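Please read this briefing with the sequence and the model open side by side.

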Amino acid sequence: MILTTERLVLRPWTEADANSLFEYAKDPEVGPIAGWPPHKNVDESLDVIRNVFNGTECYAICEKGNKKAIGAVELKMNGHTDMTERDDECELGYWLGKPFWGRGYMPEAATELIRHGFEDLGMETIWCGYYDGNEKSKRVQEKIGFTYHHTCDEVPVPLLNEIRIGHTNYMTKEQWLRRN
């Protein structure tokens, strides 16, 4: 499936995206704040496309008129998230290459994926979280209407072998309908 917004195209990842994924995912300011280490090479990025970005609702973010992947946005369904065990709930995850920060792309992409989740996939609640200190992610969630749920002081971050403070937010279909 391909989703579009005013400025963006959200499309499935392909192996041909490995070079652009590596270009942005190697930046130490992108992955670690979200809980994953910078990519070391294109082969690692290809492996991520094959084994991580292979979810049914995982999309490459591209600017309209340019097929180059600049980030990712995903609805992690039951069985692929630890935020819920319900089939009518999912988790929103996202990241964006640093050259594209500050343009409003992530709220735009996330808003479209949330619409898709509620309208097309029949979700009743969408969860989203961020680690303490990730102010950009916090701000995206505030802008698009998520509500604070709880904070956990000891969240394992296995890819970085760390324990962090995690904040969890949510949006119900009812809340979304009131905003739209």
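## Briefing on the predicted model

Trp-127 is a residue of strand β6, and the model in which it is placed is a predicted one. Its relative accessibility is 12%, and because buried means under 20% relative accessible area, Trp-127 counts as buried.

**Surroundings of Trp-127**

- Apart from its neighbours within four places in sequence, Trp-127 is in contact with Met-83 and Thr-84, with Glu-89, Cys-90, Glu-91 and Leu-92, with Phe-146 and His-149, and with Thr-168, Asn-169 and Tyr-170.
- Between Trp-127 and Tyr-59, which are 68 residues apart in sequence, the C-alpha to C-alpha distance is 17 Å.

**The nonpolar core**

- The largest nonpolar core has 44 residues, and among these Trp-13 and Leu-92 touch the most other members.
- At least two residues of this core are supplied by each of β2 (8-11), α1 (18-25), α3 (42-51), β3 (58-63), β4 (69-76), β5 (89-96), α4 (105-120) and β6 (125-131), and the largest share, seven residues, comes from α4.
- Leu-92, again leaving aside neighbours within four places in sequence, is in contact with Val-73, Glu-74 and Leu-75, with Ala-110, Leu-113 and Ile-114, with Ile-126, Trp-127 and Cys-128, and with Ile-144 and Phe-146.

**A loop position**

- Gly-104 is found in the loop between β5 and α4, where its relative accessibility of 29% makes it count as partly exposed.
- From Gly-104 to Leu-121 the separation is 17 residues in sequence, while in space the two are 25 Å apart, C-alpha to C-alpha.

**The chain as a whole**

- The protein chain contains six helices and eight strands, which follow one another from the N terminus in the order β-β-α-α-α-β-β-β-α-β-α-β-β-α.
- With a radius of gyration of 15 Å, close to the 16 Å that the globule rule gives for 180 residues, the protein chain is as compact as a globular protein of that length.
- Along the principal axes, the C-alpha atoms fill a box of roughly 40 × 40 × 30 Å.
- Of the 180 residues in the protein chain, 47% are buried, and among contacts with a separation of 6 or more, 63% are between residues 24 or more positions apart.

**Surface and charge**

- The accessible surface of the protein chain is about 9500 Å², with 49% of it belonging to carbon and sulfur atoms.
- There are 21 positive and 30 negative side chains in the protein chain, and the centres of these two sets are 7 Å apart.

Technical notes:
Residues are numbered from 1 along each chain as its sequence is written. This is a predicted model: local features need pLDDT of at least 70, side-chain atom pairs count only at pLDDT 80 or more; totals for chains, interfaces and linings use all residues. Side-chain values use heavy atoms; hydrogens and water are left out. Helices (H or I, at least four residues) and strands (E, at least two) are DSSP runs, numbered from the N terminus. The radius of gyration is taken over C-alpha atoms; the globule rule is 2.2 Å times the number of residues to the power 0.38. Buried means under 20% relative accessible area, exposed over 50%, partly exposed in between (1.4 Å probe, protein chains only). Contact means heavy atoms within 4.5 Å. Accessible areas come from the Shrake-Rupley method with a 1.4 Å probe; for residues, only the protein chains shown count as cover. Lys and Arg count as positive and Asp and Glu as negative; His and the chain ends are not counted. The place of a charge is taken as NZ of Lys, CZ of Arg, CG of Asp or CD of Glu. A nonpolar core is a set of buried Ala, Val, Leu, Ile, Met, Phe, Trp, Tyr and Cys residues joined through side-chain atoms within 4.5 Å.
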